[in-house]
Amino acid sequence: MSFFRSASMAPPSTGGLAGGGSRGAGGGAAEEPGPSTPVRRASIPRSPTSERTQALKDYKLTIEYKHLKQNAPGGVLVVPSFDDLRVWHGVIFVRKSLYANAIFKFIVTLPPEYNDHNVWPQVRFTSEVYNPYVNFETGELDIRSAIPTWDPNQHFMVTVLTFVKKIFYMKDFTALRRPANREAKMIFDTDKVEFKRRVDHCVIASQETVYDDQNNSPLAFHQPSAAHDALHTAVLNMGSDGSLTVKSKDEVLRACQAQGHSWSNLLAMSSRATE
């Protein structure tokens, strides 16, 4: 099933003058609206050429997303919004570095002109992120510091998502001349212990808010139920060699039964958890 919904290409309706008088019997000009009468300007319908151009850009974007499903950097997930093909919800699971165990959420906004020269995507973190490349107040990632000139023949969304991951694995920010968070850059340069303390704070905050969903994200996380915990324990304990590979439904069933659970029991717990 595709994550994308086709964008409506219907041109905007053309409006006339609101509150204008009718023409006289002699076909004279419309009456001038009074000083208190607002004038509604006529909308300019989009030409078939501009519609085709935008449809082509949207198609290229779907191709980029399809490419990402196989080539996105490890630990980074993105899913388009339910309502807008050009708004993507993302999350990055940081496994190592100073930011280890962080779960940072972000939103990617792609302008209608995206795929043109010097039209950058916008990445805004909705999780609290303390990093010299991220504006602490707005959460916006400074993409232009890494990609000063956007070339649609060389730069793609995989380029941006790779940079999103890279900023959490950097060991040095010396080369950054115009940091989005000047304070973070200064503290990193002068007090590594304090920088680590602030990073730890945002890592913990990302874990504590992982179940929050204020942006109606398709990547929303939910608290595990008792059924999930039982199945998780069964899977972890089912391989004597430490393997976590699930080879068949029967293997999982036998592992659950060894833990004192049956499929009917698990389904009953799952049903109660979702009521």
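N118 lies in the loop between strand 3 and strand 4, where strands are DSSP runs of E with at least two residues, and helices runs of H or I with at least four, numbered from the N terminus. N118 has a positive phi of about 55 degrees without being a glycine. At 39% relative accessibility, N118 counts as partly exposed (buried is under 20% relative accessible area, exposed over 50%, partly exposed in between, with a 1.4 Å probe and protein chains only). N115, found in the loop between strand 3 (103-109) and strand 4 (122-125), also has a positive phi, about 95 degrees, and is not a glycine. N115 counts as buried because its relative accessibility is 15%.

A word on the source: this is a predicted model, in which local features need pLDDT of at least 70 and side-chain atom pairs count only at pLDDT 80 or more. Residues are numbered from 1 along each chain as its sequence is written.

Four strands form an open sheet in the order 1-2-3-4, with antiparallel pairing (two strands pair if DSSP finds at least two bridges between them). Strand 1 and strand 4 are the edge strands, each pairing on one side only. Between strand 2 and strand 3 there are seven bridges, and F93 stands opposite I103 in strand 3.

Finally, look at helix 1. Its 24 residues (48-71) should span 34 Å at 1.5 Å a residue, and the end C-alpha atoms are 34 Å apart, which agrees; the expected span is 1.5 Å times one less than the number of residues. The buried residues of helix 1, including L61, Y65 and L68, pack against strand 1 (76-80), strand 2 (87-93) and helix 2 (157-166), with contact meaning heavy atoms within 4.5 Å.

Terms used. Side-chain values use heavy atoms; hydrogens and water are left out.
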